Amino acid sequence: MPANLPPQARAAERRYIEAKTLPEKIKYLQEFISSIPEHKGNEKMRRYLRRRLAELKEELEEQKKRKSGGGGGGFSVKKEGAAQVALVGLTGSGKSSILDSTTNAKVEVGAHPFTTKEPIPGMLEFEDLQFQLVDTPAIFEGASYGLSWGSQLMSVIRNADGLMIVLDGYDPVGQYGTIIKELGMAGITTDMSSRKIEIERTTGGGIQIACTGRITCRMEEVDSILKEAGVRNAIVRIRGDAGKEDILGALEQTKTYKPSLILINKIDAYPEAPKEFSKLTGKEAYGVSAKTGLGLVNLGREIFRMLGIIRVYTKEVGGGPAAKPIIMRRGAKVIDVAKVVHSHLYKNFKIARIWGPSAKYDAEKVGADHELADGDVVEIRIK
Ligand SMILES: Nc1nc2c(ncn2[C@@H]2O[C@H](COP(=O)(O)OP(=O)(O)O)[C@@H](O)[C@H]2O)c(=O)[nH]1
Ligand SMILES: [Mg+2]
């Protein structure tokens, strides 16, 4: 985002980013676009946002059509808990069975293919968190073309915070291939490394480049491409060799990245499947059996790890830690917590005291840039 955005534009942007429903997203994106001052430096950004707005509107239209035509229900599931995780897999792989054995949801397990016709949520408990698992209708070859429920399915997947890819131990490699192909054609990737460049917009600090690879164009070119797109403050992460096109691609965000966990189900019948899958694909997979419960007790922890989040407990001076955690991204700093809690804490931040895994000792005094760990307690002092 341009550094010169007025405060109301920044506020609108925040509301847009945090909006959870489609109508809300549209409303706040409209507000955001109209609050960006019209000048040349902002034009690319405005163009990108307008395109995004058109996409969202289309999606909403489709949703409405489905609702009026398809006997209700709808395909977007209201988010609840710390994160929403969509179960994705071919018919019969055991998605519904897994939801049934790990959550309170009432689901129908299929004796015949394609039993699950619409997304069904259920809450999975992990320590003091709940994850919302969403059972989806099966993915199939052609889903990405929008055949049958394909487009609805993809919109549920796009809306989720993470994916649980459920493979049948009978043919995990083949099923995985189909799923990745369909997701890819729908513009969704689960492979972080395929995104050579990630641009995370920040509120200050200019352009910071974190590079674990090689840039095949000049640094000034990177800077000018970003400036032209209206990006003045961002952390740019580059992996592998990347050139100008990759930077433009990252700006266009052609593919949506979703973190994912690969589950191989039915290990009661195919105990060797996870090992063989990993050998053939080089991907880590997690063996479970919805039938016997094998592997399912640790599912919450695996989801937590996959999502890349940490829990931070705020505390007021003289008080105890909050009962409910704030969910932050791994790598979050003390100042990020201040930002989430209240702009007042952020603007007037002086120091913080911390307890827990990232503290050298109880009540350690730290600055704004201290990186937090899961389970930390933070007390923020203001000027
Ligand atoms: N042996 C075995 N069968 C399973 C397991 N999980 C599910 N099934 C069976 O696989 C079939 C499909 O299960 P379902 O949960 O409906 O799959 P979905 O289409 O992915 O939702 C059913 O007959 C289940 O009983 C498992 O862990 N082991
Ligand atoms: Mg099912």
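**Reading rings, patches and strands**

Reader: Let's begin with one residue. Where does tyrosine 145 lie?

Author: Tyrosine 145 lies in the loop between strand 3 (129-135) and helix 5 (150-159). Keep in mind that this is a predicted model.

Reader: Is tyrosine 145 buried or exposed?

Author: Look at the relative accessible area: over 50% counts as exposed. Tyrosine 145 has 64%, so it's exposed.

Reader: Which residues make the nonpolar surface patch of about 350 Å²?

Author: That patch is made by Tyr145, Leu147 and Met185.

Reader: Now the rings. How many aromatic pairs does the structure hold?

Author: The idea is to check the distance between ring centres, then the angle between the planes: under 30 degrees is stacked, over 60 is edge-to-face. The structure holds five aromatic pairs. One of them joins phenylalanine 126 and phenylalanine 131, which are stacked, with 6.3 Å centre to centre and 15° between the planes.

Reader: Which pair is edge-to-face, with 85° between the planes?

Author: That's tyrosine 176 and phenylalanine 277, at 5.4 Å centre to centre. This pair ties together distant parts of the chain: tyrosine 176 belongs to helix 6 (residues 172-185) and phenylalanine 277 to helix 9 (residues 273-281), 101 residues apart. Tyrosine 176 is buried, with a relative accessible area of 10%, and phenylalanine 277 counts as buried at 0%.

Reader: Which residues do ring pairs link into a cluster?

Author: Phe126, Phe131 and Phe304. There's also a charge to look for here: arginine 311 lies over the face of phenylalanine 304, at 4.7 Å from the ring centre. Elsewhere, lysine 25 lies over the face of tyrosine 16, at 5.6 Å from the ring centre.

Reader: On to the strands. What is the order of the six strands in the open sheet?

Author: Read across the sheet, strand by strand: the order is 2-3-1-4-12-13, and the pairing is mixed.

Reader: Why is one side of strand 2 and of strand 13 left without a neighbour in the sheet?

Author: Because strand 2 (120-126) and strand 13 (286-287) stand at the edges, each with a single partner strand.

Reader: How many bridges join strand 4 to strand 12?

Author: Six, and the two strands, residues 162-168 and residues 260-265, run parallel. To see a bridge up close, find leucine 163: its bridge partner in strand 12 is serine 260.

Key:
Residues are numbered from 1 along each chain as its sequence is written. Chains are lettered from A and ligands numbered from 1 in the order in which they are written. This is a predicted model: local features need pLDDT of at least 70, side-chain atom pairs count only at pLDDT 80 or more; totals for chains, interfaces and linings use all residues. Side-chain values use heavy atoms; hydrogens and water are left out. Patches are made of residues with over 30% relative accessible area and no salt bridge: like charges are joined within 9 Å, nonpolar side chains (Val, Leu, Ile, Met, Phe, Trp, Tyr) within 5 Å. Accessible areas come from the Shrake-Rupley method with a 1.4 Å probe; for residues, only the protein chains shown count as cover. A salt bridge is a side-chain nitrogen of Lys or Arg within 4 Å of a carboxyl oxygen of Asp or Glu. Helices (H or I, at least four residues) and strands (E, at least two) are DSSP runs, numbered from the N terminus. Buried means under 20% relative accessible area, exposed over 50%, partly exposed in between (1.4 Å probe, protein chains only). Rings of Phe, Tyr and Trp (its six-membered ring) pair if their centres lie within 6.5 Å; planes under 30 degrees apart count as stacked, over 60 as edge-to-face and the rest as tilted. A charge sits over a ring if NZ of Lys or CZ of Arg is within 6 Å of the ring centre and within 35 degrees of the ring normal. Two strands pair if DSSP finds at least two bridges between them.
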